[in-house]
Amino acid sequence: MPKFTLYAKKVYYYRKDINAQDRKSAEERGRQYESKDNAERLFEPTVEEFYITSIEESDDVEDNRE
């Protein structure tokens, strides 16, 4: 039976509620948060997802597991 290797990436989604006068001000604050050395500590994790990025066929190696 052919064997395949799945490659995936894990994506984290974060959120931060802020007060701003308008959208432009909010975008500027967002850029400031992105430039912080450790932005993750400023945001609250909301979701994490896995995405398959590629699939490669492996050499047909016999699997002795039962």
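Guide: Look at the start of H1. There, a side-chain oxygen of Asp22 comes to within 3.4 Å of the backbone nitrogen of Lys24. This is a predicted model, so every value here is computed from predicted coordinates.

Now the helix itself. H1 covers residues 23-34, which makes 12 residues. At 1.5 Å a residue, the helix should span 16 Å.

Within H1, look for a charged pair. Glu28 and Arg31 both belong to this helix. They sit 3 residues apart, about one turn of the helix. Their side chains meet in a salt bridge, at 3.0 Å from N to O. Side chains of opposite charge can pair when their charged atoms come close. Glu28 has 37% relative accessibility, so Glu28 counts as partly exposed. Arg31 has 46%, and therefore also counts as partly exposed.

Setting aside residues up to four places away in sequence, Ile18 touches Ala26, Arg29 and Tyr33. Take Arg29 from that list. Ile18 and Arg29 are 11 residues apart in sequence, and their C-alpha atoms are 8.6 Å apart in space. How exposed is Ile18? At 30% relative accessibility, Ile18 counts as partly exposed. The cut-off explains that label: buried means under 20%, and exposed means over 50%.

Asp17 forms a salt bridge with Arg15, and the closest N and O atoms are 2.7 Å apart. Asp17 is exposed, because its relative accessibility is 58%. Arg15 is partly exposed, with a relative accessible area of 42%.

From the N terminus on, the elements run β-α-β. That comes to 1 helix and 2 strands. Strand S1 spans 3-15, and strand S2 spans 44-58.

The side chains of Lys10 and Glu48 meet in a salt bridge, at 2.9 Å from N to O. Lys10 is partly exposed, with a relative accessible area of 36%. Glu48 is partly exposed as well, with 46%. Across the whole structure, a search finds 4 salt bridges.

Lys3 is partly exposed, with a relative accessible area of 28%. Its C-alpha atom is 8.7 Å from that of Glu56, although Lys3 and Glu56 are 53 residues apart in sequence.

Leu6 also lies in S1. Leaving aside its neighbours within four places in sequence, Leu6 is in contact with Ile52, Ser54 and Ile55. The C-alpha atoms of Leu6 and Glu57 are separated by 8.9 Å, while the two residues are 51 apart along the chain. Is Leu6 buried or exposed? Leu6 is exposed, with a relative accessible area of 54%.

S1 and S2 are the elements that give two or more residues to the patch. Phe4, like Leu6, lies in S1.

Finally, the chain as a whole. The protein chain has 66 residues, and 3% of them count as buried. The chain exposes about 6,500 Å². Carbon and sulfur atoms supply 45% of that area. Then consider contacts between residues at least 6 apart in sequence. Of these, 85% join residues at least 24 apart.

Asp22 reaches the backbone nitrogen of Lys24 at the start of H1. Glu28 and Arg31 pair by a salt bridge.

Conventions. Residues numbered from 1 in each chain as written. Predicted model: local features only at pLDDT ≥ 70, side-chain atom pairs only at ≥ 80, totals over all residues. Heavy atoms only, no water. Helix = DSSP H or I, 4+ residues; strand = E, 2+ residues; numbered from the N terminus. Expected span 1.5 Å × (residues − 1). Polar contact = N/O pair within 3.5 Å; in protein donor to acceptor, adjacent residues only side chain to side chain. Buried < 20%, exposed > 50% of the residue type's maximum accessible area, 1.4 Å probe, protein only. Contact = heavy atoms within 4.5 Å. Areas by Shrake-Rupley, 256 points an atom, 1.4 Å probe, with all protein chains shown as cover.
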